[in-house]
Amino acid sequence: MIERNRWLNLVTHLVLCIGVVVIVFPIYLALVGSTHSAQEMAQSPIPIWFGNEGFTNFKTILMGEGEGVRNQLPVSRMMWVSLVTALCIAFGKISISLLSAFAIVYFQFPFRKTVFWGIFITLMLPVEVRIAPTYKVIADFGMVNSFAGLTIPLIASATATFLFRQFFLTVPDELAEAAKMDGAKPMRFFWDVLIPLSKTSMAALFVIQFIYGWNQYLWPLLMSTEERMYPIVMGIRNMTAGADSQVQWNLAMATAILALLPPALVVVLMQKWFIKGLVDTEK
Amino acid sequence: MGPDEIHVSLGLIILNGDKKVIFKSKWLPWVLIAPQAVIILAFFFWPAAQALIQSFQQSDVFGTSVEWNGIENFVSLWRDETYLASFKTTAIFSILVAGLGISLSLILAFFADRITKGAWFYRTLLILPYAVAPVVAGVLWLFLFSPSVGLAAYMLEKVGIQWNSLLNSNHAMTLIVIASVWKQISYNFLFFLAGFQSIPKSLIEAAAIDGASVWKRFWTIQLPLLTPTTFFLLVVNTVYAFFDTFGIVDSTTRGGPGKDTAILVYKVYFDGFKAMDLGGSAAQSVILMAIVICLTVIQFKYVERKVNY
C-alpha cells in the first residue's frame, strides 16, 4: 500500500465485506434452507439460521425416498452421472488436445495449417447455435441416453489444443534434439518429456474443464431423455419447475448445495492452478 | 465447448511459430490428430453445415417432405414480431449484464488490489460463483425472489413493492440480470485484479509522491491502463449474456412472462425442440452463428492490437 490512510483502509474493507456478503448470501441461504423441514420453509419470512432437519433432508434426496419425494431418482445417482460426465470431459479434452498439439508442433505434414484453422473454427460453433442438427447426429449414432453421447461431442477443444501448442513451442529444442540423438521414438519423447513438463497446464485445464463438464445443462437436456441419465443440474431444474407454492424448497436447496459443492471444492482447493489457467493463458 | 472458451484461445494463436527440430513420420501425425478431427467433423462441421442447409429449407412436421424455399425462413423471421422482440430483449439483457458485471467487479478488484492482509480470504469467496452452474445460480436467486417465501421478495413487500417475477416482466428481467451478473462477477474480478496487479507499483508511487490522490490515480493511471482488459471483458461478457445464460433463463423465468425474457438462445431451443419448427430454428441458428463470428473477429482484432501495444 502506497500511503497510510485509515479512512481509506476502512472503506476498502467495508466495500470488500459488502461484496463478499452479497456474493455468498445466496449460497448461505441455500445451506440454511437445506436444514429445515418443508413446513418451516413454506412460511414467510423463512428462517435465516440453521434448523435441525439437515440430515433428514440430505438423506431423503440422496436415497430418493422419504417425505416429499415421489418416485424421484435418487440425487446420488444424478451426482454419479455428473461426476462421470465431468471427469470424462475433462480428461477427454486434455488427452485429445495434447495429441493434436503434439502433432501440430512436432511434425510437418500436408494440410497442417488447415487442421489448425479447422480446430480454431470450432470456437465459433458453440452447441447453442447448432442444437437441432447435432442432436440428430447423436440420435443417428444411437448415442442418446449414454455417457458417450453426453461427453464425446463436447471433448473437442480448441482452447486446450492452443494452450498445449503454445506451451510446446516454449519447450527448448535441445530436449527434442537430445531425444532424437538417443534414438528415442516420437511417442517416447511425448510420454517421457512433454507430458511431465505439461503438468501445470494440465492441472489448470482440469479445473476449468471439470467445472465446464459438471455444469453442462443444455446438452444433457437434449441428450438425456431418460431419468437415469439426468445429471444433477437437470435434477434441480425439475425440482423447482412446479408452481411456486408447491416447490419443496428444503429439498431443492439441499440438492442445490450438492450440485455446487464438487465444482466449488475443485475451484477452492485448486485455486492456484485455476487462476493461472484462467488469467495467464489469456496473456 | 462453449463460446466462453473464445477468450482463452485468441491470445494463444497469435504467436505463430515453427519448431526447428521436428520428428519425421508419414502416418503418426494423422493418428495423433484423428480423435480430435473425427469429433470436430462429426459433431461440429457436419451439424453446422446441416443447420446452414436447413435454414434454406421447409419441412413438414413429420419430416416426410422437404423443399427448398430460398431465404423464406429468414424473411419470415424478419417479419416475426416475437423474433424481433427477442432480439431487443437480448440486447437490453446483454447491456445490463455486461455493464453491471464489469463495473461492480472493477470496484471490487480496485479495493482488493489495495489489500495486503486477508486478500486470500476475499478472493476465495469472491470466486465461488464461477463454480456454480447457471441453472443452480438461477435456482438460488429464484428462491430469494420467490413471491411466496423468498426473503428478498418479503423485504421488498415491506417497502411496498409487490414482487412477482411470474407476472411482471420488469421483475423477471431484473431477476435474470441479477443472477447472471452474480455468476459472472468472479470471472471479471479475477481479470481486473490481474490487471491491477500488473500495473507497475513505481508508477503509482511516483504519482503519489507528486500528490495525486487515490481517486485521481485511479482515473488517470489505472483505468486507462486497464482499457484492454475492460474491452476484452466487454466482448466476453456479451458472449456470456448471449449464450451461457440459457440455464439461468430456463430455471427462473423460462422466457416468461409471455415471451418477455426469451433471449435468442432460449428461442432457438424452444422453436426447435418444443415448437418443432426446424427451418425457422435453423435460420435462427445461422443468425446466432453470424453473431458469434462477428464477436470473435472483433476480439481477434483487439488481441492483435494488444500484442502490438
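The crossing of helices α4(A) and α11(A) is right-handed. Keep in mind as you look around that this is a predicted model.

**The crossing helices**
- Helix α4 of chain A covers residues 75-106, and helix α11 of chain A covers residues 199-214; they pack at an angle of about 140°, with their axes 8 Å apart.
- Because of that angle, α4(A) counts as oblique to α11(A).
- On the α4(A) side, the residues that meet α11(A) include Ser82(A), Ala86(A), Ile89(A) and Lys93(A).
- Their partners in α11(A) include Met202(A), Phe206(A), Gln209(A) and Trp214(A).
- Sorted by class, this helix contact has 10 nonpolar, 4 polar and 1 charged residues.

**The domains of chain A**
- Domain 1 is made of two stretches, 6-74 and 232-274, while domain 2 runs over 80-228.
- The C-alpha centres of these two domains of chain A are 33 Å apart.
- Where the domains touch, 11 residues of domain 1 are in contact with 16 residues of domain 2.
- On the domain 1 side, α14(A) gives the most, with 4 residues.
- That side of domain 1 has 11 nonpolar residues, no polar ones and no charged ones.

**Where the chains meet**
- Chain A brings 93 residues to the contact, and chain B brings 97.
- Helix α2 of chain B (residues 28-54) gives the most to chain B's side, with 17 residues.
- By class, chain B's side has 72 nonpolar, 19 polar and 6 charged residues.

Terms used:
Residues are numbered from 1 along each chain as its sequence is written. Chains are lettered from A and ligands numbered from 1 in the order in which they are written. This is a predicted model: local features need pLDDT of at least 70, side-chain atom pairs count only at pLDDT 80 or more; totals for chains, interfaces and linings use all residues. Two residues are in contact if their C-beta atoms, placed from the backbone, lie within 7 Å. Helices (H or I, at least four residues) and strands (E, at least two) are DSSP runs, numbered from the N terminus. Ala, Val, Leu, Ile, Met, Phe, Trp, Tyr, Cys and Pro count as nonpolar, Asp, Glu, Lys and Arg as charged, and the others, Gly among them, as polar. Axes are lines fitted to C-alpha atoms, for helices over the stretch in contact, and angles run from 0 to 180 degrees between N-to-C directions. Angles under 35 degrees count as roughly parallel, over 145 as roughly antiparallel, 65 to 115 as roughly perpendicular and the rest as oblique. A crossing is left-handed if the near helix is turned anticlockwise from the far one by less than a right angle, and right-handed if clockwise. Domain bounds come from an automatic or database domain assignment.
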